[in-house]
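Student: I have a structure open and want to learn how to read it. Where do we start?
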Amino acid sequence: MPDPRPAITRDDVAHLAQLARIELTAAELDHLAPQLAVIVESVAAVSAVAAQDVPPSSHALPLQNVFRRDEVRPSLSPQEALAGAPESEQQRFAVPRILGEEA
Amino acid sequence: MTDLARLSAADLAAALTAGETSSVEVTQAQLDRIHAVDGAVHAFLHVDDEGALAQAKAADERRTAGTDVSELLGVPIAVKDIATTKGLPTTAGSKILEGWIPPYDATLVARLRAAGLPILGKTNMDEFAMGSSTEHSAYGPSHNPWDLDRIPGGSGGGSSAAVAAFETPLAIGTDTGGSIRQPGAVTGTVGVKPTYGGVSRYGLVALASSLDQAGPVTRTVLDAALLHDVIGGHDPLDSTSIDRQWPSMAAAARAADITGLRVGVVKELGGEGYQAGVRRRFDESVQLLVEAGAEVVEVSCPHFELAFAAYYLILPSEASSNLAKFDAMRYGLRVAPAGVAAPSAEQVMAATRQAGFGDEVKRRIILGTFALSSGYYDAYYGSAQKVRTLIQRDFSAAFEKVDVLVSPTAPTTAFRLGEKVDDPIAMYLNDIATIPANLAGVPGMSLPSGLADENELPTGFQILAPALEDHRLYTVGSALEAMLVERWGGPLLDRAPALEVSG
């Protein structure tokens with residue numbers, strides 16, 4: 001088991017931001033990293049119950065799967081669905097290249 | 001002449017029924033008030049004069065025709081900018097959604113329209129509902145009508161400020177950790193977080209899906225009940241919506257008899273760290289309940305002390321996942337990274353999220369990404385979920401002994417704008433008393449309990465009930481409200497300073 005109270009470093013924050021697809025400037029890293037370290041430290045209190053034999057809850061109230069009939073019902077028109085798109089083309093969302101090569 | 005903008009929704013409904021006024025007249029009065037004071041209050045991000053008046057006209061026609069007349073027909077309302085509104089901008093307080101016009105209505109908005117409540121506009125909020133002050137709104141903070149230099153609470157500070165400033169009799173809020181109740185407490189207004197699943201989440205921009213719940217923001221308990229009856233109930237479009245018949249909240253509010261009611265004061269919420277004036281007003285309200293025939297006991301909920309830590313792991317974890325949809329591809333902002341020819345989708349995503357998200361959103365996404373990362377998952381997220389179970393058990397044990405639990409809503413009165421904006425922990429602690437209800441899914445209400453002696457600012461009284469027993473909040477709340485208003489010699493908001501009127 002890892003140390004339950006890791007110091008979250010500036011490098012960690014940079015890595016996490018990359019995983020979360022947020023470009024952070026050097027100034028933002030300087031600002032956010034120490035704040036995140038304090039927050040992580042203050043939420044580490046939950047580890048007090050880590051060893052207890054308690055079932056985890058993901059929801060407030062018990063959930064059941066919900067089904068509906070497989071019937072066609074009114075939905076957005078292609079025009080409405082694309083209305084907020086930064087860019088569209090031939091009734092599709094136009095996106096930047098997704099592969100590594102130069103376009 | 002009566003100032004229509006100062007009437008409660010129930011009184012407006014009565015005046016409309018009696019034919020003493022029209023929805024167009026009422027709606028115009030609210031719009032006039034908005035234009036006169038909102039420059040200073042900044043409760044609204046968008047005001048829809050034309051749309052609101054058209055809906056008011058339609059409401060008047062419905063009333064004349066006499067068909068399908070709901071109790072709140074023609075009474076105007078403001079909607080927190082987190083709920084999608086077809087044809088009206090919806091930003092959730094973020095630059096990443098600036099200018100977005102949703103192509104559909106949230107279910108609760110559709111219900112407001114069906115019941116004939118003209119929508120005045122969209123209210124300000126902390127970006128994606130992350131905050132307790134509206135200072136994290138990308139469009140600037142809202143101001144507390146009691147003191148414009150102070151916060152109106154958050155995240156739903158636009159809704160609470162709008163109601164407190166008499167810009168609207170009714171507003172919609174959402175509450176993930178206190179975002180309806182804490183703004184209510186610091187502005188001297190009423191806010192209710194229903195049982196999780198009681199009001200549809202369809203069409204709400206999700207913050208933490210297992211915690212989010214929409215509810216009423218009003219000046220009186222009865223108004224909250226009337227609005228709850230309109231927006232609540234099963235919705236097949238929300239898979240967590242509870243499929244059952246709910247009793248009338250308005251009827252519960254009108255009953256207001258608490259003889260023999262068992263009330264538990266939560267030992268862990270209200271001691272150290274709570275402002276003296278907040279505690280004093282709370283104790284007085286408890287005393288009033290005793291005088292009205294309630295039995296009061298102290299109840300211990302030992303795991304509430306871990307609620308704060310569990311919440312600030314569960315919320316960021318869910319938020320980091322929910323906000324992944326803001327990827328610059330289908331809607332919202334798209335920013336190309338500087339100096340990159342033919343950038344990749346990933347680079348565009350990272351540059352867009354850098355430009356479109358504010359500091360607090362970045363903090364929480366990174367925190368959530370951390371809590372969910374392998375190696376830390378068990379120690380953090382897994383433990384937080386265990387705490388959640390323990391808190392639910394604390395509530396179950398407490399509700400075997402008492403009918404409702406009570407506490408102060410927030411530890412302090414409204415603080416000054418800027419005071420805590422760059423101190424995340426100090427900001428997070430505002431929700432210390434409201435978070436447990438979200439983790440357990442139980443309903444909660446905040447209503448004004450008076451003004452703190454030290455600064456003459458409003459204090460809030462929180463009532464919590466078992467899941468599905470929302471009606472108890474209204475019975476207890478309206479009984480207490482009646483006693484307090486009698487003691488004050490009128491509603492608390494009558495004592496708020498008059499706002500300078502412009503235009």
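Tutor: With the interface; keep in mind that this is a predicted model. The size of an interface is often given as the accessible area lost when the parts come together. Here, chain B and chain A bury about 5200 Å² between them. Carbon and sulfur atoms give 68% of that area.

Student: How many residues of chain B are in contact with chain A?
Tutor: On the chain B side, 68 residues. They touch 59 residues of chain A.

Student: How many salt bridges are counted between chain B and chain A?
Tutor: The count is 4. Take Glu28(A) and Lys362(B), which form a salt bridge. Their closest N and O atoms are 2.5 Å apart.

Student: Now helices. At what angle do helix 2 and helix 3 of chain B cross?
Tutor: Roughly 160 degrees, and their axes come within 8 Å. Angles over 145 degrees count as roughly antiparallel, so helix 2 of chain B is roughly antiparallel to helix 3 of chain B. The crossing of these two helices is right-handed. Residues making the contact include Leu31(B) and His35(B) of helix 2 and Leu53(B) and Ala56(B) of helix 3. By class, the contact has 6 nonpolar, 4 polar and 3 charged residues.

Student: And how do helix 10 and helix 13 of chain B pack?
Tutor: At an angle of about 125 degrees, with axes 9 Å apart. That makes helix 10 of chain B oblique to helix 13 of chain B. Their crossing is left-handed. Among the contact residues are Leu313(B) and Ile314(B) of helix 10, and Tyr381(B) and Ile391(B) of helix 13. The contact of helix 10 with helix 13 divides into 9 nonpolar, 2 polar and 2 charged residues.

Methods
Residues numbered from 1 in each chain as written. Chains lettered and ligands numbered in written order. Predicted model: local features only at pLDDT ≥ 70, side-chain atom pairs only at ≥ 80, totals over all residues. Heavy atoms only, no water. Axes fitted to C-alpha atoms, helices over the stretch in contact; angles between N-to-C directions. Helix = DSSP H or I, 4+ residues; strand = E, 2+ residues; numbered from the N terminus. Parallel < 35°, antiparallel > 145°, perpendicular 65-115°, else oblique. Left-handed = near helix turned anticlockwise from the far one by under 90°. Contact = heavy atoms within 4.5 Å. Nonpolar A, V, L, I, M, F, W, Y, C, P; charged D, E, K, R; others polar. Buried area = accessible area lost by both parts, 1.4 Å probe. Salt bridge = Lys/Arg side-chain N within 4 Å of Asp/Glu carboxyl O.
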